[in-house]
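Here is a short briefing on a protein structure. Look through the sequence and the 3D view first, then read the points below.

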Amino acid sequence: MGILDRIFGNHWGVHPDDRKRPAADLPLRRLPMPAHLYVPLQQHIGAPARPVVLVGQRVLKGQLIAEAQGATSAAIHAPSSGTVSAVGEITAPHASGLPVPGITIACDGEDRWLEAADIPADPFALEPAEISRRIAAAGVVGMGGATFPSALKLTLGKKSGISTLIINGGECEPYLSCDDRVMRDFAVDVVDGIRLMLHASGATTALVGIEDNKPEAIAAMKQAAASFPEIRVCPVPARYPMGSEKHLFSALTGKEVPADARTTDLGVLVHNVGTAAAVHDAIRNGRPLVERIVTLNGGAWRAPGNVVVPVGMLVSDLIAVAELKEQPARLIMGGPMMGTLLPSAIVPVVKGSSGVLALTAAEAADGDAQPCIRCSSCVRACPVGLLPLEMSARIRNEDYAGAVDLGLKDCIACGCCAYVCPSRIPLVQYFGHAKGELAARDRTKLRNDATKRLVAARAERLERETKEKAEAAARRKAERAKQKAAEAAAAAAGAQADSETTA
Amino acid sequence: MIAAILSLTLLGIALGLGLGVAAKKFAVEGNPVVDELTALMPGSNCGQCGYPGCAGAAAAIVDGTAAPTCCPPGGKALATAIAEKLGLSLDLSGMVDEGPKIASVSEEICIGCCRCIKVCPTDAIVGAAKQIHNVIREACTGCAACIDRCPTEAMVMKPVPVTLQHWVWPKPALA
């Protein structure tokens, strides 16, 4: 952080010790397939997928086991061959420890792929919409952690007129190196995936932003992209949170995304490098997203490094094969800044899991929160220019509207404020709590509106029923009167006939 | 006979007119704030607050005899909205929000008597005579009006399960 940056206000973010090596430099490993895979049906933003297999059914690796339902959703495929042993609930890799619907597969150990049908000889001859359809069918979601369905993003991008594709190879979180490994080992695949995404989104240029603490990845990507002038590899300075969509956009284009807009409003679509590799696999090999590279890092692992893990493998199974040196003080899925604190190890790896960190007590550096001393370190660190200390004070007093006025909705939950806080105040947790509370209030309001509609519908029904009853009663009365008249007439006619016969 | 009919009719007309004129002339203006509050409330007139319907509760809140936190289905969101409208300072800590609850039918006990269906303010219970009833979860407001009506205690209030989508980070403990 130079003095010029300070003068011009370009002082966002923090510079944590990245601790990526030696794990980043070790070759990629493949782990033995566990006995069971626990595949959640909600591994993406949007509606959970709908199961299309039955218990006891045999499935092959890559076979569709749950289809996307609704506009925003993603398909889910079997991560290995075996038998479906349960369709039920699985503990989510989430701080709450709540269950989500999921499918359990008992693996047969053969790991046999489903024969890929219909691989296009030249995908660039296909319609862009067809590419997006195939990406959706392969269940590809954003691999950077947000897990937004990729095909939907490309389609929406095409609709809003995208000119540039930014490929996010920032990987600014400390400890993680899965994207680094993807770029080093599969640079050609990533470049091919980028070209396919350019074709699908209608963009003309792609900028690959890679932090300058990954020189090997930059070299590999530059070499792979050398013959494609539309793809430019741009090293960016290492600074957290460079991997945030809006910040990488600013670093590469020099423009800033407005608070109420997205990068797509400025003609730019951002995708992760892992997503590009998954797109390549889906289109060129017809293979859906069923496994991913996961970084095992942190002082408690016996052998840190990057491993290829099938979706649905339990963290406890990972621990069984990769082994821990000591009991970790904290088990985290994702990075140390934004990752999820795991309540237990019996949770599966999902499409968005970039790493499993087992931190020792020294690394976790736990401590009690102290009162705020108003040092404003958090204000300087906040990459979005908010006032974390003021927002947290309001949230502490349940003044959520006040926190929103200070820009709570622009908070990207990057954790810079909590990282620099000398009083160890859990600032991000305050913001997470407030966002959840506001969402809950919005839901209550919607519910009250729905209740009003239901009450009105009931009142209308009661009125209609009373009217119908009255009408029916009137009808019956009229019928009875008619019947009586007919009877009287018949009796009169009978009497007349009688009198005639007697006469 | 005719004299009696005529005199009663005339009396009726005269008194009716008198009442009508009085209603117009001595009309008491309804408090518009009460109407506004009533519009904010769920409107199911469930009676959990102890007042006769939502309008009654709104009037009591405006009078100051009821707290803005008295509406359980409205929850904290409604309490804050009311307090904001009336410019009250609100202490939400006293409001024990034990989470939303909805009614549910124990199917093995239900005899299909239809009594609960008649009192449900949102038509959230489906069923017919001698058929097991059931509650539509999306439509139930948790007003508990049906609970006392059930002759077999088959109706119970159950907490709505927390899902991943509805989970809220707990507020950090104070330093």
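Which strands does helix 8 of chain A lie across? Helix 8 (residues 273–284) of chain A lies across strand 9 and strand 12 of chain A, and runs at about 80° to strand 12 of chain A. Such angles run from 0 to 180 degrees between N-to-C directions, with axes taken as lines fitted to C-alpha atoms, for helices over the stretch in contact. Helices (H or I, at least four residues) and strands (E, at least two) are DSSP runs, numbered from the N terminus.

This is a predicted model, in which local features need pLDDT of at least 70 and side-chain atom pairs count only at pLDDT 80 or more, while totals for chains, interfaces and linings use all residues. Residues are numbered from 1 along each chain as its sequence is written, and chains are lettered from A and ligands numbered from 1 in the order in which they are written.

**Sheets of chain A**

- Strands 11-10-9-12 of chain A, in that order, form an open sheet of four strands with parallel pairing; two strands pair if DSSP finds at least two bridges between them.
- Strand 11 (231–236) and strand 12 (268–272) of chain A are the edge strands of this sheet, each pairing on one side only.
- On average, neighbouring strands of this sheet are turned by 25° against each other, direction ignored.
- Five bridges link strand 9 (residues 164–169) of chain A with strand 12 of chain A in the parallel sense, and A:Ile167 stands opposite A:His271 in strand 12 of chain A.
- Another open sheet, with mixed pairing, has six strands in the order 1-14-13-17-15-16 (chain A).
- Strand 13 (residues 291–297) of chain A pairs with strand 17 (residues 355–359) of chain A in the parallel sense over three bridges, and A:Asn297 stands opposite A:Leu357 in strand 17 of chain A.
- Strand 2 (residues 36–40) of chain A runs antiparallel to strand 8 (residues 99–107) of chain A, with five bridges between them; the bridge partner of A:His36 is A:Ala106 in strand 8 of chain A.

**Buried parts**

- Four of the five residues of strand 2 of chain A are buried; a residue is buried if 20 or more other C-beta atoms lie within 10 Å of its own, exposed if 12 or fewer, and partly exposed in between, with C-beta atoms placed from the backbone.
- The largest nonpolar core has 129 residues, of which A:Leu165, A:Val190, A:Ile194 and A:Met221 touch the most other members. A nonpolar core is a set of buried Ala, Val, Leu, Ile, Met, Phe, Trp, Tyr and Cys residues joined through C-beta atoms within 7 Å.
- Helix 5 (residues 187–201) of chain A gives the largest share of this core, eight residues.
- Apart from this core lies another, of 15 residues, including B:Cys116 and B:Val135.
- In helix 3 (residues 53–63) of chain B, the buried residues are B:Cys54, B:Ala57, B:Ala58, B:Ala59 and B:Ile61, and they pack against helix 2 (32–40) and helix 4 (75–86) of chain B.

**Domains and chains**

- Chain B is divided into domain 1 (34–89) and domain 2 (99–161), with bounds that come from an automatic or database domain assignment.
- The C-alpha centres of these two domains of chain B lie 25 Å apart.
- Between chains, 29 residues of chain A are in contact with 22 residues of chain B; contact means that C-beta atoms, placed from the backbone, lie within 7 Å.
- Helix 15 (residues 427–502) of chain A gives the most to the side of chain A that touches chain B, with 18 residues.

**A:His94**

- A:His94 lies in the loop between strand 7 (82–91) and strand 8 of chain A.
- A:His94 is partly exposed because 19 other C-beta atoms lie within 10 Å.
- A:His94 touches A:Thr340 and B:Leu164, not counting residues up to four places away in sequence.
- A:His94 and A:Met333 are 239 residues apart in sequence, yet 8.5 Å apart in space, C-alpha to C-alpha.

Notes:
Contact = placed C-beta atoms within 7 Å.
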